[in-house]
Amino acid sequence: MQKFIVIFCLVALFSFALGYTLRKGDVLRIELFDVPDYTRECVVDIEGKIALPIVGRLSVEGLTIDELIKILRQKLSAQMSDPNVVVTLLRIAPRNVYVSGIVNGVVDMGMKDLKVSELLALLSVNLSEVELTRIKLVRDGTVKNLDLSALLSGEILKEDPVLKENDQIVLPEKLYSDFVKIFGAVRNPGVYPFKKNMTLLDILSTAGGMTEDSAGRILIVSDSVQEIDERDLFKRVVTLKPGDTVYIAKVEERFAYIVGAVVEPGMYSFSKDEDITLKNLIAKAGGFSVERKFLEKVIVRRNGAVFTELNVDNDVDMKLQVGDIVDVKKFEETEVYIFGYVKNPGAYKISPREKFTLRKMISLAGGFAGTVENIDKIIVERENEKIELSSENLDFSVKPGDVIRVEEHVPRRAYILGFVKNPGLYSFSKNETFSLRTLIAKAGGFTNDDLVESVKVGEEIYTPSVILKEDIPLKDGAIVYVEKFKEQFVYVVGDNLARNGRLTFERSEPFTLSTVLKKYGVQDFSLVTKLSLLRRGEEKFVDTMSLLKKDIDLEIGDTVIIRFTTEKRIYFTGDLYGYITLENEEQIDLEKALAKFAKVDSKYLQSLKIRSGSKILQLTTVSPIPLNDGDIVEITLKKPIRVYVDGFVSKPGQFVFDPDETPTLEKVIAKAGGFKESSTFKEKDVLLLRSGKETVIDLNQITNALLQDGDFLFVRWQEKPHVYVLGEVAKPGAYELQEGESTLVEIISRAGGLSNWAMRTRVVLRRGQSEFTYDLSDPSIAQSVKIVSGDLIYIPSIDTNIAYVLGNVRNPSIVKIDKFTTVFDAIMRAGGLNQTASASRIFLFKGGLEGEVIICDLSGIITGKGGGTNPTVSPGDVVYVPANPLTQLPDILPVVRDILSIITASKQLMGW
């Protein structure tokens, strides 16, 4: 269907363009096939010309599209062969017709020619109000009279000329001698066309009948004044004449005023049959604008003084007198502020009349952000008092104005490092025993219970046996280091390849040379051909049989050489162990020996130590140093470095550096995902725990700080200077106070600005025990208010949310809206569209006449077809419904501005 409509429109446009002669202001699209850069849109200028490359300025006014194409082909043929030119008429210049008289305006006929009768239908003119026999057509300075009276009888018009551009149509108003006026107590007072044999009942029926405030007296002003009692209307026939005036007298006006917390404050009239009572007046004002529990009292003023005050706990009523003023007062302070460890911090309204507990208040805020066990305390600030409560005092009574801060329990923490399965920082809940045993258990226990030497807590040292007998209490932030038993070991180099390398001793084993031989698998000492002991660079040869008489004590790190064979060999010990065998005459150096050993990658080498007889050579790189039979090469490898990171990082945990990777503090923080992102906290410094000692590293030193295996890092944080912004802003929450930013308007701007529903006249600032309110309708106030860290800013919602619905609706008025009210909803609250309304072109002024203008189309919604434009309405918006779908913005602005001025003046007069 959509494709058909598009094709139909294109065909219609094409057909029109074939016979259309170009005019000033038309927009053309010129295309030259195979030359895409030539394509452009041209406007026929004030001289009737267009400008094109190659062709230059060309006069086109008065030409048809075909004629223009032929001229362009001729012009372009001088530069190219057989140019294929396409000219499209994109938009035509306005073809205006000017209407004056009973209707004033400008009508653009567009592409279609209009007759005068068609123009009248398009304008939705009430023909009964036009003198159809005296319509004037002004064209080129000549005036032609037209008689279109046949339109009222449905007859064929004798003359209905086709309009041309710049024609003027004058629609004279019908003379009052052909009318009858009626006003006073009727539903639709006005001027109505006189009909033959019209009676008093006819005009009353046409005007919608009499209203309830009729006094029963009818005056007819004709050649004389005639008075008729409404009770005689059906007893006699009263005929009227053209020009007669009918007045329905009203009873003395009965009214009362109501202001304050009602939906529609104002003055309300009462009919002669209605009682002027408080209940009826409140009902006429749409009821209370807030829940009854938020109402403080009702004040009735009479003759300038307070007549009475009423409590509104229950339904209230009393008889009023004409002119009484009723003021419905609501409680000024109803908000309770709650923030901290709750799911939905903010301001919540409660009534001073109801008993409201802390439990209920926390429930309103979505409950605690976690379990009740994580609550440390609850602080209630009330006037100049600060009340501290526990999570067991939730039946505490809350009052409006209270500021409640729910503080999360800050867990006690302790570090444990060294010889445990899972070293790190551990937190303790309120119910956990904060002791050394519990901490060791949290860390998974000792790596090996038999190898624990001691446990250091601060400056105190405990043995495992003491810890078993007594559970040592800890202090918050304690640092515990578990010292491993210093392992006793020697390096063994020899012909038993399977047992070469590092040889460790149990705590109960004798740390002697004979024990080494036994652990090496030597049962008969006499089989050893060579036994020597290397210690601190010196080699001592030992007779194995002498060990049977006197053993030799060892020191940690000694190297023992045990040989059973006479083969030529180079021995390797340290982190890698073994040997290579040399041929009898083979000469070898360090590079070749390592290549032949084939167990080490040079990039993982940290150092080499060559023992040749009594000489020791220390190296950091491999070089071709000659080696001899029996030389020992001690290899030290670079080892992976394991570092623990916790605190203010995105991904705390253990991180490993490869042997060829430089372990810096900056790199490990990057491995941990960097510092956390937070609106209220930032990184402060880094606490380094190494071998039971504590070092603080400043953030500007993290690039060059080198780490060691087993280091524990804790990134500490500090609170940013920040404020809380709650209520009617685009993005409520906590905001950091940035450098140079200190005013209320800057902070609200950071929070996305005020919403359409923000009460600009009452912004609340809580600072410590004090509360301040500001009117932001004056921009200078928002610029002058200085904000400091810890402030809480609350922007409440508008109490009375209204919009203006004007124009062709049944009851143009101020209507109550909410956040979900659309343009259609607002119009329906004003009684809906009247018969003359144009539903396809409705104007929405956002925030008033100076704001953005949105054109709304409700025709699809009203007919049930859907679609169109139906945006939501905000406080202060103006909806204007015109009668003419061709109405332009400049036509209605003066009308709407005048109406709003009257409304504003009335509101000021009434004190609304």
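How many nonpolar, polar and charged residues does the lining of the second largest pocket have? The model is predicted.

**Entry 1: the pocket**

I sorted the lining of the second largest pocket by class and got 17 nonpolar, 12 polar and 12 charged residues. I noted a volume of about 1300 Å³ for this pocket. Its lining has 41 residues, and those closest to the centre are Glu408, Val410, Phe681, Trp717 and Glu719.

I then looked up where the lining comes from. S27 (403-408) gives at least two residues.

**Entry 2: the nonpolar cores**

Next I looked for the largest nonpolar core. I found 23 residues in it, and Leu28, Ile30, Leu68, Leu72 and Val87 touch the most other members. Strands S1 (27-32), S3 (49-52) and S5 (85-91) and helix H2 (65-77) each supply at least two residues of this core. H2 gives the largest share, five residues.

I took Ile30 for a closer look. What does Ile30 touch, not counting residues up to four places away in sequence? I listed Tyr38, Thr39, Arg40, Cys42, Leu52, Leu72, Val85, Val86 and Val87.

I also logged a second, separate core of 22 residues. Ala414, Tyr426, Ala443 and Val482 are among its members.

**Entry 3: Glu634**

Is Glu634 buried or exposed? I read a relative accessible area of 11% for Glu634. The cut-off for buried is under 20%, so Glu634 counts as buried. I placed Glu634 in strand S44, residues 632-637.

I set aside its neighbours within four places in sequence and listed the contacts of Glu634. They are Tyr491, Thr573, Gly574, Ser607, Leu608, Lys609 and Arg611.

**Entry 4: helix H11**

Last, I went through H11, residues 590-597. Its buried residues are Leu590, Ala593, Leu594 and Phe597. On the face turned away from the buried side I noted the exposed residues Lys592 and Ala595.

Terms used: Residues are numbered from 1 along each chain as its sequence is written. This is a predicted model: local features need pLDDT of at least 70, side-chain atom pairs count only at pLDDT 80 or more; totals for chains, interfaces and linings use all residues. Side-chain values use heavy atoms; hydrogens and water are left out. A nonpolar core is a set of buried Ala, Val, Leu, Ile, Met, Phe, Trp, Tyr and Cys residues joined through side-chain atoms within 4.5 Å. Buried means under 20% relative accessible area, exposed over 50%, partly exposed in between (1.4 Å probe, protein chains only). Helices (H or I, at least four residues) and strands (E, at least two) are DSSP runs, numbered from the N terminus. Contact means heavy atoms within 4.5 Å. On a 1 Å grid over the protein atoms alone, a cavity is a set of points where a 1.4 Å probe fits but cannot get out, and a pocket is an open set with protein on both sides within 12 Å along at least five of seven lines; lining residues have an atom within 4 Å of a point. Grid points are joined across faces, edges and corners, and a volume is the space filled by probe spheres set on the points. Ala, Val, Leu, Ile, Met, Phe, Trp, Tyr, Cys and Pro count as nonpolar, Asp, Glu, Lys and Arg as charged, and the others, Gly among them, as polar.
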